[in-house]
Amino acid sequence: MLDKIDRKLLAMLQQDCTLSLQVLADAVNLTSTPCWKRLKRLEEEGIIRAKVALLDSEKLGLTLTAFVLIKTQHHNSEWYETFVERVEALPEVLSFYRMAGEYDYLLQVQVADMKSYDNFYKKLVNAVPGLLDVTSSFAMERIKSTTVLPL
């Protein structure tokens with residue numbers, strides 16, 4: 001169970017994971033050793049999954065965001081495992097969800113332009129047989145995008 005100190009540490013790390021142990025410890029009124037032990041526990045429990053640098057897709061020339069909805073005719077575990085493995089291997093896919101409702105899967109895809117998306121689309125539909133419907137929507141403007149979870 002997370003207490004108030006854990007939540008404050010997590011909130012701070014979500015904003016800037018480069019904060020020093022001493023800065024974190026001071027902010028939660030702990031010495032460095034107990035603070036380090038808390039952080040280690042949060043990592044071991046999988047609450048802290050990774051420490052990464054967030055990159056600006058536009059500055060890197062990856063300006064097209066597509067949301068891809070997929071319907072399939074297959075739902076057996078062998079097909080599912082193959083499909084997941086092949087989609088996870090596509091670097092353009094930032095998020096990948098199995099859905100309830102009209103569509104079976106949702107992908108968030110980041111590419112440079114429409115030609116790049118077309119190349120991605122061809123790889124996707126040829127990756128695994130049995131896709132009934134692949135529908136794409138394109139973001140015109142990113143209004144909010146965050147990795148910060150509400151604690």
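Val125 lies in helix 5 (residues 114-127), where helices are DSSP runs of H or I with at least four residues, numbered from the N terminus. The model is predicted: local features need pLDDT of at least 70, side-chain atom pairs count only at pLDDT 80 or more, and totals for chains, interfaces and linings use all residues. Residues are numbered from 1 along each chain as its sequence is written, and side-chain values use heavy atoms, without hydrogens and water.

**Val125**
- Val125 is partly exposed at a relative accessible area of 29% (buried is under 20%, exposed over 50%, partly exposed in between; 1.4 Å probe, protein chains only).
- Leaving out residues up to four places away in sequence, Val125 touches Leu131 and Val134 (contact means heavy atoms within 4.5 Å).
- Val125 and Glu88 are 37 residues apart along the chain, and their C-alpha atoms are separated by 14 Å.

**Helix 1 and helix 3**
- Helix 1 (residues 4-15) packs on helix 3 (residues 32-44) at an angle of about 75°, with the axes 11 Å apart (axes are lines fitted to C-alpha atoms over the stretch in contact, and angles run from 0 to 180 degrees between N-to-C directions).
- Helix 1 is therefore roughly perpendicular to helix 3 (65 to 115 degrees).
- Helix 1 contributes Ile5, Asp6, Leu9, Leu10 and Leu13 to the contact, and helix 3 contributes Cys35, Arg38, Leu39, Arg41 and Leu42.

**Asp6**
- Asp6, in helix 1, counts as buried at 1% relative accessibility.
- The Asp6 side chain makes a polar contact of 2.8 Å with the side chain of Arg38, and one of 2.8 Å with that of Arg41 (a pair of N or O atoms within 3.5 Å, within protein one able to donate a hydrogen and the other to accept it; residues adjacent in sequence count only if both atoms are side-chain atoms).

Notes: Helices (H or I, at least four residues) and strands (E, at least two) are DSSP runs, numbered from the N terminus. Angles under 35 degrees count as roughly parallel, over 145 as roughly antiparallel, 65 to 115 as roughly perpendicular and the rest as oblique.
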